[in-house]
Amino acid sequence: MIYLILGMAITVFAIRFLPISLAGHYRMPEGIALALSFAPPVALSAIVVTTISGMLKENSSSQHVLAIFLSLTISLGTARFSQKTLLPICAGILVYMILK
Amino acid sequence: MSKIIAKNNSVTIAHCSTQTHECSKLLNYWKGMHAIVPLTIGAIPFAMLYGAIASELGITLLATTAMSILTFAGSAQFMALGMLAVGGTPSLIIATSVIVNLRHLLYSAWLTPYLAPLSISWRALLSFGLSDEVFAVMSRHYKEEQSRHSHWFFLGATSTLWFFWSMASAAGHILGSQIQGINEAGLEIAMPVTFGTMVTLMIKDRATLLATITTCICAYLGRNLPHQLGFILATSMGIACGYFISLYKQKAKVKK
């Protein structure tokens with residue numbers, strides 16, 4: 001078990017550290033920098049869709065679909081108008097917990 | 001500054017009456033902690049569930065907590081438990097954790113210009129804590145309120161999430177089967193809602209909006225692809241879409 005934990009720790013750390021360790025040694029081309037500027041919303045939205053797809057695979061009843069849809073609509077709508085994080089997250093979770 | 005600190009956290013730091021270096025570091029550390037708190041709402045139930053599953057599989061409390069403390073990668077940890085349950089070998093689990101965490105390469109590459117001025121030890125420390133949640137918070141911070149002490153903000157966010165993740169894993173192991181019911185409570189929506197909120201706050205222009213929509217469509221179409229290929233495909237398409245729209249807009253501006 002200890003080898004597994006250490007192996008995973010080193011592997012995960014290496015992936016996270018590799019590009020950052022090279023910082024300062026080279027100048028990122030403008031094109032790549034422009035493309036990477038879209039990485040945060042793109043990566044996070046891919047996680048959202050993948051997770052939702054997994055949830056729908058487990059339970060695709062109309063009640064579950066509606067609960068997910070309303071939960072996301074309310075949290076994203078609240079985020080858009082409030083520009084805050086805590087309120088939309090709590091609202092979205094609460095709506096899902098009630099409707100589920 | 002003392003007023004800001006007192007307003008935000010009810011902690012009075014008397015010696016911070018002037019904007020000194022140390023105060024700025026402390027303030028940024030606190031701000032980082034504060035920024036990550038809403039995202040821990042989604043992370044804590046998952047960490048507890050991880051601990052509970054590990055307990056069910058007969059993994060010791062020490063090993064369960066050590067994996068959270070040293071690896072600090074939720075999806076890789078869940079994958080490891082799943083593979084251990086079906087008799088997966090350590091080498092296979094480690095190899096799979098590379099694939100599961102490939103997205104961190106993208107996060108790391110995005111952060112590279114911002115972390116370039118830091119020492120190698122700082123960069124190593126911060127990259128250790130580069131999880132999805134921390135990236136969501138840091139990408140917004142660097143775009144909107146970057147300062148010379150932003151690495152303290154990063155450390156505040158990372159250390160807070162790491163602490164809660166590790167403690168919640170241990171708590172999940174101790175509470176064991178009582179936690180299994182957490183799935184029925186509906187907290188599985190926490191992650192999509194949290195990241196969906198962060199994405200909404202990041203969309204400031206049409207190029208980002210179209211890149212996000214493209215990603216969502218591609219992620220949905222590629223949802224059944226193995227080894228996170230759907231994720232890689234969707235992010236590549238989204239980034240390419242945003243890139244070409246930006247180029248087009250730049251060219252249109254030059255023509256005008």
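Q: What order do the elements of chain B run in from the N terminus on?
A: From the N terminus on, the elements of chain B run α-α-α-α-α-α-α-α-α-α-α-α-α, and the secondary structure of the chain comes to 13 helices and zero strands. Please keep in mind that this is a predicted model.

Q: OK, predicted. What scores does the predictor give the complex?
A: The complex gets an ipTM of 0.88 and a pTM of 0.76 from the predictor. For chain B, the mean pLDDT is 83, and 87% of the residues reach 70 or more. Over residues 1-17 of chain B, however, the pLDDT is below 50, although this stretch has 19 contacts in the model beyond near neighbours in sequence.

Q: And how should coordinates be read where pLDDT is low?
A: Where pLDDT is low, the predicted coordinates should not be read in detail.

Q: Got it. How much of chain B is buried?
A: Of the 256 residues in chain B, buried ones make up 50%. If you look at contacts in chain B with a separation of 6 or more, 73% of them are between residues 24 or more positions apart.

Q: Let's zoom in on helix H3 of chain B. Which of its residues are buried?
A: The buried residues of H3(B) are B:Ala63, B:Thr64, B:Thr65, B:Met67, B:Ser68 and B:Thr71.

Q: What follows H3(B)?
A: H3(B) is followed by B:Phe72, whose phi is positive, near 50°, even though the residue is other than glycine. B:Phe72 is found in the loop between helix H3 (61-71) and helix H4 (74-85) of chain B.

Q: Is B:Phe72 buried or exposed?
A: B:Phe72 is buried, because its relative accessible area is 3%.

Q: Over in chain A, what about the phi of A:Gln83?
A: A:Gln83 has a positive phi of about 60°, although it is not a glycine. This residue sits in the loop between H4 and helix H5 (86-99) of chain A, and with a relative accessible area of 31% A:Gln83 is partly exposed.

Q: You mentioned H4 of chain A. At what angle does it pack with H11 of chain B?
A: Helix H4 (residues 62-82) of chain A and helix H11 (residues 190-202) of chain B pack at an angle of about 35°, and their axes are 9 Å apart. The crossing of H4(A) and H11(B) is right-handed.

Q: Which residues meet there?
A: From H4(A) there are A:Ser71, A:Leu72, A:Ser75, A:Leu76, A:Ala79 and A:Arg80, which meet B:Pro192, B:Val193, B:Gly196, B:Thr197, B:Thr200 and B:Leu201 in H11(B). The residues of this contact divide into six nonpolar, five polar and one charged.

Q: Switching to histidines: where does B:His141 lie, and which side chain does a polar contact join it to?
A: B:His141 lies in helix H8 (residues 132-144) of chain B, and a polar contact of 2.7 Å joins its side chain to that of B:Ser150. Not counting residues up to four places away in sequence, B:His141 touches B:Asn28, B:Gln146, B:Ser150 and B:Phe153. At 2% relative accessibility, B:His141 counts as buried.

Q: And what does B:His151 touch?
A: B:His151, which lies in helix H9 (residues 150-175) of chain B, touches B:Leu118, B:Trp122, B:Leu126 and B:Tyr142, again without counting residues up to four places away in sequence. Its side chain is joined to that of B:Trp152 by a polar contact of 3.5 Å. With a relative accessibility of 13%, B:His151 counts as buried.

Q: Last one: is B:Tyr248 buried or exposed?
A: B:Tyr248 is exposed, because its relative accessible area is 63%, and the cut-off for exposed is over 50%.

Key: Residues numbered from 1 in each chain as written. Chains lettered and ligands numbered in written order. Predicted model: local features only at pLDDT ≥ 70, side-chain atom pairs only at ≥ 80, totals over all residues. Heavy atoms only, no water. pLDDT = per-residue confidence, 0-100. Contact = heavy atoms within 4.5 Å. Helix = DSSP H or I, 4+ residues; strand = E, 2+ residues; numbered from the N terminus. Buried < 20%, exposed > 50% of the residue type's maximum accessible area, 1.4 Å probe, protein only. Polar contact = N/O pair within 3.5 Å; in protein donor to acceptor, adjacent residues only side chain to side chain. Axes fitted to C-alpha atoms, helices over the stretch in contact; angles between N-to-C directions. Left-handed = near helix turned anticlockwise from the far one by under 90°. Nonpolar A, V, L, I, M, F, W, Y, C, P; charged D, E, K, R; others polar.
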